[in-house]
Amino acid sequence: MTSVKLSKLISKMKVENLTPEIDCDKVRITQYDLNRPALQLTGFYEHFDNQRVQIIGHVEHTYMEQKTDDHGKAMIEALMSHDVPCIIYCRGMSVSDDIVQLGYKYNVPVLRTSDITSAFMAEVIRWLRVSLAPRISIHGVLVDIYGEGVLIMGESGIGKSEVALELIHRGHRLVSDDVVEIIKESDESLIGTAPDITRHFIELRGIGIIDAKTLFGVEGVKDTQSIDLVIKLEEWNKNTKYDRMGLEEKYIEFLGNKVVCHSIPVSPGRNVAIICESAAVNFRQKKMGYNAAKEMYNRVMENMMNTGRDD
């Protein structure tokens, strides 16, 4: 099961840790949904998901303040006893020493943020959704071409890195070479990124490792990019029939999401970088409603009909 260290959330969201002696590296978050314990504060714990981060907003805090100190403390103690990952107080609200001590007693980190509750929850959910999303690593090169994320795949040694280098020379941006981490952000979108250890590096056979960011500047690289189009490079085979019209789209599937895929034969004299660039522009045209293949097909059919009338 994918999980995120609580310490990473604390660092990312810049929240204050009121229980610093608790090791937050050992606390794992497994769900991106959060919980505001309204019913739980009244004692109703049926169907309670204790794996969610617990958020105390203005409403919950005011409700507990209206009770006696012992009653309010008992509400939080009951919540912590259900082994929740942590409790976060929003709006910079005051947290009593008794609550902090309960955190130590039950080993539940007590955190605080000055952010408004709804805005803080939205940002945490957005970040956790991405951090906990299903992900895989594949062999390939990911490049941003005119804003379209093009994933170049193919057998080792076929020239993927060289194509990426030429594309950077032509003003496009490298996201990852050799290994691409694919994250399923939603049922409609896949995000590609590079492993930290290989980020911005390119391996060129005969030369070695080069740093694209150092050589071409920050305008030549990018950290993340949606995967919009896949191009598979393969050795030219005269016995293989390649698509010459492109009327029907072919797809490849990653993590249950389908992505348009083109197979490009590689042979001496073919400028694969320009072909990839043209494929990206053509894909963008299709998204904007213009399909060159269908336009040509319609012209041919219209010409055939006109020729038949003339006869």
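Which residues are buried in α1? Before you select them, note that this is a predicted model, in which local features need pLDDT of at least 70, side-chain atom pairs count only at pLDDT 80 or more, and totals for chains, interfaces and linings use all residues. Residues are numbered from 1 along each chain as its sequence is written, and side-chain values use heavy atoms, leaving out hydrogens and water.

**Stop 1: helix α1.** Select residues 6-13, which form α1 (helices are DSSP runs of H or I, at least four residues, numbered from the N terminus). L6, L9, I10 and M13 are the buried ones. They lie on the same side of α1 because they cover an arc of only 100° around the axis (taken from the directions from the helix axis to the C-beta atoms). K8 and S11, on the other side of α1, are exposed. Buried means under 20% relative accessible area, exposed over 50%, and partly exposed in between, with a 1.4 Å probe and protein chains only. K12 is partly exposed at 46%.

**Stop 2: E77 and K105.** Select both side chains: they meet in a salt bridge, 3.1 Å from N to O (a side-chain nitrogen of Lys or Arg within 4 Å of a carboxyl oxygen of Asp or Glu). E77 is in helix α4 and K105 in helix α5, so the pair ties together parts 28 residues apart in sequence. E77 is partly exposed at 22%, and K105 is exposed at 57%.

**Stop 3: K184 and D187.** Here the closest N and O atoms of the salt bridge are 3.5 Å apart. K184 is buried at 18%, whereas D187 is exposed at 61%.

Technical notes. Helices (H or I, at least four residues) and strands (E, at least two) are DSSP runs, numbered from the N terminus.
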